[in-house]
Amino acid sequence: MSSGRILLVDLGNTRLKWAWLDRRGRPGRMRATVHAAVSGSAATAATAATAAGRAADKEFAQLLPPLRRGDRVIAVSVAAPERRRRLAATVRRLAGSAPQFIRSRRSEGTLRNGYREPWRLGADRWAALAAARALQRAVLVVDAGTAVTIDLLGGDGRHHGGWILPGVRMMGESLLRGTGGIRRRAAATSGRRVGGRRGAVPFARSTLEAVEAGALLSISGAIERAADEARLRLGKRPRVLLTGGDADRLARRLRIRHELRPALVLEGLAQLHAALCSPSRRRVTV
């Protein structure tokens with residue numbers, strides 16, 4: 001096996017997150033940066049497409065830490081295929097070998113994929129479930145990014161399936177694109193990010209704030225409903241883990257106990273990498 005360093009990479013729809021694997025086999029300090037355009041709440045689809053095109057010109061070499069020959073990259077990606085190809089080309093050029101992309105499997109140790117077609121489960125969700133499995137208990141995994149995914153994992157390692165919702169920004173933008181009066185009123189006000197004390201439900205005082213608050217409360221309500229459904233199915237309330245770019249904002253809306261785990265997907269990559277490198281593994285699947 002190469003003696004080079006190992007970089008863990010999570011390439012999402014909007015953000016790229018990475019961390020070096022430390023000597024204990026765990027992710028070190030996580031870094032995150034935007035690799036795709038993030039349009040404003042009232043932006044038009046055409047403006048968003050133009051901005052996305054400009055963002056695509058940004059070199060991944062500027063977003064990753066300095067790589068040297070012999071380094072290895074273990075990655076998971078749900079980004080557009082061209083961005084995945086650009087990442088792979090950059091890693092190959094800098095480190096001398098292509099990144100190893102993790103994919104969802106039917107099972108990994110005691111972790112069992114609950115999808116009828118296991119390969120259709122997003123690889124980032126699979127990695128997050130691998131990290132949650134290490135807790136050896138029932139877990140509700142919430143990844144709040146461009147989209148919000150909610151997955152239920154039983155204490156026995158069985159994945160019971162999950163839900164997918166639009167993320168906060170996507171939910172707001174879809175509302176603005178589909179309406180006339182709301183879009184005009186949102187564009188006419190500067191607004192501000194919805195704050196408030198933990199657990200509070202403030203009534204917004206501008207259109208833009210109202211759209212954002214509605215999105216946050218819709219998603220937090222879905223998380224709370226998922227926790228209730230999980231309790232009915234499993235007979236006990238699961239531990240709730242929040243990760244993703246909007247996890248902090250959603251945490252301020254939740255009225256149930258939860259834990260923020262910003263590097264959850266990278267933790268799972270470390271777990272899956274260890275499994276792939278296990279001497280008992282006769283066949284490597286990526």
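Let's start with a sheet. Five strands form an open sheet in the order S10-S9-S8-S11-S12, and the pairing is mixed. The edges are S10 and strand S12, residues 259-260. Each of these has a single partner strand, so one side of each is left without a neighbour in the sheet. Before I go on, please keep in mind that this is a predicted model.

Now walk along that sheet. S8 and S9 run antiparallel and are joined by 6 bridges. They make a hairpin, with 2 residues between them. Another is Leu-140, which stands opposite Leu-152 in S9.

Go on from S9 to strand S10, residues 159-166. This pairing is antiparallel too, over 7 bridges. Here the hairpin has 5 residues between the strands. Gly-157 sits in that turn and has a positive phi of about 90°. The bridge partner of Leu-153 is His-159 in S10.

How many of the 7 residues of strand S9 are buried? The count is 6. S9 covers residues 147-153, and with that count it is largely enclosed by the rest of the structure.

What lies across this sheet? Helix H3 does: it lies across S8, S9, S10 and strand S11, residues 239-243. H3 runs at about 40° to S9.

On to the other sheet. This one is also an open sheet of 5 strands, with the order S3-S2-S1-S4-S5 and mixed pairing. Here S3 and strand S5, residues 100-101, stand at the edges. Each has a single partner strand, so one side of each is left without a neighbour in the sheet.

S1 pairs with strand S2, residues 15-20, in the antiparallel sense over 5 bridges. The two form a hairpin with 3 residues between them. Leu-8 has Ala-19 in S2 as its bridge partner. Leu-7 stands opposite Trp-20, also in S2. Next, S2 and strand S3, residues 31-34, run antiparallel and are joined by 4 bridges. In that pairing, Leu-16 stands opposite Thr-33 in S3.

H8 lies across S1, S2, S4 and S5. The angle to S1 is about 130°.

Now the cores. A general point first. In soluble globular proteins, nonpolar side chains tend to be buried together.

In this model, the largest nonpolar core has 29 residues. Which of them touch the most other members? They are Leu-8, Val-141 and Leu-269. Several elements each supply at least two residues of this core: strand S1 (6-11), strand S4 (72-77), helix H3 (123-133), strand S8 (139-144) and helix H8 (264-276). H3 gives the most, with 8 residues.

Take Val-141 as an example. Leave aside its neighbours within four places in sequence. It is then in contact with Ala-128, Leu-129, Ala-132, Thr-149, Ile-150, Asp-151, Leu-241 and Leu-264.

There is also a second, separate core. It has 24 residues, including Val-142, Leu-165, Met-171 and Leu-216.

One more helix to look at. H6 covers residues 207-234, which is 28 residues. At 1.5 Å a residue, that should span 40 Å. The end C-alpha atoms are 40 Å apart, which agrees. Just after H6, Gly-235 takes a positive phi of about 85°.

Last, the overall numbers. The protein chain has 8 helices and 12 strands. It has 286 residues, and 45% of them count as buried. Take contacts between residues at least 6 apart in sequence: 58% of those join residues at least 24 apart. The chain exposes about 14700 Å², and carbon and sulfur atoms supply 49% of that.

That's the tour. I'm happy to take questions.

Note on methods:
Residues are numbered from 1 along each chain as its sequence is written. This is a predicted model: local features need pLDDT of at least 70, side-chain atom pairs count only at pLDDT 80 or more; totals for chains, interfaces and linings use all residues. Side-chain values use heavy atoms; hydrogens and water are left out. A nonpolar core is a set of buried Ala, Val, Leu, Ile, Met, Phe, Trp, Tyr and Cys residues joined through side-chain atoms within 4.5 Å. Buried means under 20% relative accessible area, exposed over 50%, partly exposed in between (1.4 Å probe, protein chains only). Contact means heavy atoms within 4.5 Å. Two strands pair if DSSP finds at least two bridges between them. Axes are lines fitted to C-alpha atoms, for helices over the stretch in contact, and angles run from 0 to 180 degrees between N-to-C directions. The expected span of a helix is 1.5 Å times one less than its number of residues. Accessible areas come from the Shrake-Rupley method with a 1.4 Å probe; for residues, only the protein chains shown count as cover.
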